[in-house]
Amino acid sequence: MAEAHPVGFQWVMEAKRRGAKVFHVDPRFTRTSAVADTYLPIRAGTDIALLGGVVRYILDNELDFREYVLAYTNAATIVSERFVDAEDGDGLFSGFDPETGSYVQDSWQYAGRETDSGSGHTARARDSAAGLRHESHGARVGGAVQRDETLQHPRCVYQILKRHFARYTPEMVERVCGVGREQFLKLARAWTENSGRERTGVLIYSVGWTQHSVGVQYIRTGAIIQLLLGNMGRPGGGILALRGHASIQGSTDIPTLYNLLPGYLPMPHHADHPTFDAWVDGIRHPGQKGFWGNARAYAASLLKAYWGDAATPENDFGYGYLPRMTGDHGTYQQVLNMIDGKVKGYFLLGQNPAVGSAHGRAQRLGLANLDWLVVRDLFMIESATFWQNGPEVATGEIVPEQCRTEVFFLPAAAHVEKEGTFTQTQRLVQWREKAVEPPGDARSELWFFYHLGRRLRERLAGSPHPRDRALLDLAWDYPTHGPHAEPSAEAVLREINGYEVATGRPLSSFAQARDDGSTAVGCWIYTGVYADGVNQAARRRPGHEQDWVAAEWGWAWPANRRILYNRASADPQGRPWSERKRYVWWDEATGEWTGYDVPDFERTKPPTYRPPEGASGPEALAGDDPFVMQADGKGWLYAPSGVLDGPLPTHFEPAESPLRNPLYGQQANPARKVYPHPVNSVNPSPPQEHGQVFPYVFTVSRLTEHHTAGGMSRMVRPLAELQPEMFVEVSPALAAEAGLTHLGWAHLISGRAVIEAKVLVTERLTPLRVDGRVIHQLWLPYHFGYEGIVTGDSANDLFGITLDPNVLIQESKVGTCDVRPGRRPTGPALRDLIGDYRRRAGIVPGVPPPVMTTELRPPAGNTDAGPRENDDA
Amino acid sequence: MGIRTFIEGWPVYRQLTGTDPLGRGSAAQSGRSARLTARTEDADTVARSVCPYCAVGCGQRVFVTDGRVTQIEGDPDSPISRGRLCPKGAASRSLVTSPLRQTKVRYRRPYGTQWEELDLDVALDMIADRILAARAETWEDADHAGRPLNRTLGIASLGGATLDNEENYLIKKLFTAMGALQIENQARI
Amino acid sequence: MPDGDSLAGPLDPAPDAGWVAAGPRMGFFTDTSVCIGCKACEVACKEWNDVPASGFDLLGMSYDNTGALTANSWRHVAFVEQSPPTGHDTPGTRFLGMPGPRPPGRDTGVEERTDFRWLMMSDVCKHCTHAACLDVCPTGALFRTEFGSVVVQQDICNGCGYCIPACPYGVIDQRRGDGRAWKCTLCYDRLGAGLTPACAQACPTESIQYGPLDELRERAATRVAQLHARGVPQARLYGHDPNDGVGGDGAFFLLLDEPQVYGLPPDPVAATRDLPRMWRRAGLAALTMAAAAVAAFVGRSS
């Protein structure tokens, strides 16, 4: 956190001043480790084993916050008798389908809900990265569930959890992670001792956590701990994702993602969502508890915002205009399709995949096989000059005279040259004022897309083609100003907020959205950001004039709420768990919820409220169901659906690992997304042979002095000079073993690439004893490329493409490699060296390693394991 | 300037007649030093902004004189950052005023070996032409079962996560209307 | 003739330099125990003061690629990697590239790492109470400001370079291609406007604190006591003592080890401390020096 988010880290230092203990778990000793109370080096890719150890420690010693756990989580819920745990399946849960490498989830459901859960087969859900939809809501659960409030029932979640993690002992943690058992126990003790009624503990992760083939399950394990300890929905608690880009939260809320529409509404699937009704029902799940019950209003209002007058109840608000998914259309699939010549044109908008994405060579080969490419950036980045300066030009794989890609480089406006909002990592939307005009041809994306859309519509005017109706009917009329006819960002924000169509009056809450076409809402979770016609994101009441919640600085979605699920900061009766941790509570006198924050609960629903028989939607949430977006109102220790690779986190080795999984016969995540494409490959891991060809574990990450793929730091002098060269850090022991010298050159080889770097020998890197072996880890910054003031080889070139099944994010925080002293070869000799390694490792490009590595037959738990139509989770 | 003022302005005169006989302080202060002031004090405008790097969302104040950014520093009012910035945020002025900033459209024709110049307006027209051509060539009305698809897989996009919400909104809206489904973002990476 | 106190011992330097209505002496307290080595100070300084690039070399000194305080680096973050004392090894600093007495990793490696330290310190001009650079400056380019800081006036400096060997800390430096001497000004221009120096304003963790020196000294003493109470006996102050060889620093530090570990001189002495004695013996020579200084002023100001 100190490394990549130094200013956020001031609050950790504040806490430390007040006596908080800081634990830092990382393969590398970083600037965070330097000021942490305890630093735990860990083998990259083993966090579930470590955190699973904490879960076991809590359960074994009965250190859970029992009153919270009983009332607010699904600990007491009984699970189907058909469920077979991974502990009994050698790493596979019941329902695994070896054909598709994915699960049928029926057997994971709550008892009695096996059939109506509708979770079904998840192969299609994986292709549409359905897990992303759950950013703002849980998956569906139908109807009432069976519970055992004594937590003794063998199939209640609490007991299942206990059995699942029983083998995650301190000894096992040490064996898998390389974290000494004493160190581990110190962590477990501190975490549990600082949680409960009087205290809360926070788990902070940086989004390197998501870049694993089990990334979502990492975070799930953290969530289980935080729920067991009663740290969710409470001040000083929670799970804090430190996201790495100014508006990356906004980029999923108001997404530019293939599988999402604004507000986490799914992009329709051709088979599942033939009609507007089918689409809406797939979101709201009729009869289900919680606030997604109103999904029809959010969906209709979005389409109304898109197509204005052309969107009517009669034509389902233009639902027919929406493009449909048929499978995986994610960025990695796109790149493989580019290599295969299926993509004509590509836009890169402030993004540099030639350096920032996994398997840089595949990215660049894809770029070189387009008809045209539009790059909009501040600087001349690698993704714009691949045809000229890329490493493939040196190896002869890209010949400029033979590369047909037509490249348009359009300079972009910087953050001070346009106005608009960023959504930061805690959902806080902040408005930026414009300071100056952009220079020369530089323009905002707002300008580019508005005027591009205008021209497209002009060209298509009078078109006879039905396919052009969606463009021609589009509500695309924004006021412009200034010398360049810049569209008004405030007008767009107002549309995002939503308004009443008849009067144009901005809505103040998403509860005002209607499903009859009388409201238009661009992104329902942002409704309120323009309440009363005021740009609430531009509020800047100084922090020192407010209380510590600072509710009048910017605006947080939803409803300016700063802590989600904050009903859980009060006990079931609505009283603060303790005076010290008072945050939101029920005020008996006024008959409403009150506190420092906007209560995340219907304001006047008393704690004693019990829903009537057959209720659905918000009405079905009881007065003590704090997790109001969850279908049962509870925090999920066990996820009966929604997580595609298991209801409980399970330790799997990374897709590339030097070790056999010490816990299960199943080596790596059986549901991970693999691409059997000739450009892609995976280094062998046990039980495959020849893993020793790539004996070392490497990880990549950021430096304080640089930003992501370097496009905003290697081009900036005062930053470039602070970290001027690509380097690799190795321990003295590895340096001795591999013959590396401090400040000398080394080259690293994977099945995809060979890159070179200067060597930093440092004791901040330490070998770990893991499962009886010494494992050497090395790490590299991923900021470097071949353009800019300072240049170097790109670390992400080393990775292949293997994805997490839930969100289709790549495993780019751990891989295997070899390292040799000296510089890498150049020209065709470079490919020869990789070819040599591939031969020795037995890598056949395009043939991924077997997904299943357990000898056991997958536990059935399910009788009809075929894909189904209604598989929306 | 009269001769008297001139003489009184001499450091040595000030040194011999003033409170600083060693001539190391007030007497040694140069005219430039005496007139020195923080350039932020003279700024024409100050814009309240947000750092463009990571997602902490630190407040920035952007000082502008004669239409140029002269300083970007932390906004002490921000309850998130309390006026502080990391090295990247502190380098924001160098970022936006960098001599490496591209300010002209650049064009590389197919099989070209170097960049050429291109008018922005022409570039926009050329891009619009290519979008429509790619769309026409790769349009899919329906799947094999006749279910609607309404899309092109011939166009793809990958955006950075430093785009504004308003920009992302328009990007998604326009691409969706043109049937371009393969719209992705750093958030996937 | 000045008395000896103007060149040695405790002193409030601004009034001594003729600032009749001077406010309290302002300075820096840099608490290295909370420094995270982010280098925001280095960048903020460069941005505000338009300091040129200092080079693009990987130095291999941990994460320090700045190397030292120079004319082009007025803040410099030092990084010190310290291994724990193991076995019969003597305690102390081990820098990068020097492997330990036995290869790590033969055990689990974890237990060995509990005492590993990575120290970071943002170094800066000390703005000495008795600033030798200022005392030897023949042109009056270096002067004492009303805030008690020591500043090079670039409109005066003629690049003679006398100040460079005079500095006991090796801070002040001539800029190549320019010839003049440059160093931290404590953001003299910002101070005049009531602002905080750029580095201190940016510092995310309040490792760099700016304020009246008296207050900072009190705060520092409290912090040391607090750290001692929390089991950090190594915490100590550096440059805070008005009785040291430079009469105390306007920029002082809380360190977690000996000053040498951070590259700081353990016992800095102003080269000009002995000047009064010399003057008493050779008054004529001193007068000649003064005359030379006057001549230099006349020469520059035309």
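Two strands pair if DSSP finds at least two bridges between them; helices (H or I, at least four residues) and strands (E, at least two) are themselves DSSP runs, numbered from the N terminus. With that settled, take the hairpin of strand 2 and strand 3 of chain B: two residues sit between the strands, and B:Asp66 has a positive phi near 50 degrees. What you're looking at is a predicted model, where local features need pLDDT of at least 70, side-chain atom pairs count only at pLDDT 80 or more, and totals for chains, interfaces and linings use all residues. Residues are numbered from 1 along each chain as its sequence is written, while chains are lettered from A and ligands numbered from 1 in the order in which they are written.

**Chain B on its own**

- Chain B has seven helices and eight strands.
- Its C-alpha trace spans about 100 × 45 × 25 Å along the principal axes.
- The radius of gyration of chain B (taken over C-alpha atoms) is 29 Å, whereas a compact globule of 189 residues would come out near 16 Å, going by the rule of 2.2 Å times the number of residues to the power 0.38.
- Even so, 56% of the 189 residues in chain B are buried, that is, 20 or more other C-beta atoms lie within 10 Å of their own, with C-beta atoms placed from the backbone (12 or fewer is exposed, in between is partly exposed).
- Of the contacts in chain B between residues at least 6 apart in sequence, 32% link residues at least 24 apart; a contact here means C-beta atoms, placed from the backbone, within 7 Å.

**Where A meets B**

- Here 129 residues of chain A touch 102 residues of chain B.
- On the chain A side, helix 18 (residues 445–460) gives the most, with ten residues.
- That side of chain A splits into 67 nonpolar, 43 polar and 19 charged residues, where Ala, Val, Leu, Ile, Met, Phe, Trp, Tyr, Cys and Pro count as nonpolar, Asp, Glu, Lys and Arg as charged, and the others, Gly among them, as polar.
- Strand pairing crosses between the chains too: strand 11 (residues 406–411) of chain A and strand 4 (residues 106–108) of chain B are antiparallel over three bridges, and A:Phe409 stands opposite B:Arg106.

**Inside chain A**

- An open, antiparallel sheet of three strands in chain A runs in the order 12-13-18.
- Strand 12 (420–423) and strand 18 (555–556) of chain A are the edges, each with a single partner strand, so one side of each has no neighbour in the sheet.
- Strand 13 (residues 428–432) of chain A is tied to strand 18 by two bridges, and A:Val429 has A:Trp555 as its bridge partner.
- In helix 6 (residues 157–164) of chain A, the buried residues are A:Val157, A:Tyr158, A:Ile160, A:Leu161 and A:His164.
- They cover an arc of only 165 degrees around the axis, which puts them on the same side of helix 6 of chain A; the arc is that of the directions from the helix axis to the C-beta atoms.
- Those buried residues of helix 6 pack against helix 3 (47–60) of chain A.

**Chain C and its contact with A**

- Chain C holds nine helices and ten strands, and 52% of its 302 residues count as buried.
- In this interface, 38 residues of chain C are in contact with 47 residues of chain A.
- Helix 2 (40–49) and strand 3 (117–124) of chain C each give two or more residues to the side that touches chain A, and helix 2 gives the most, with five.

Definitions and conventions. Two residues are in contact if their C-beta atoms, placed from the backbone, lie within 7 Å.
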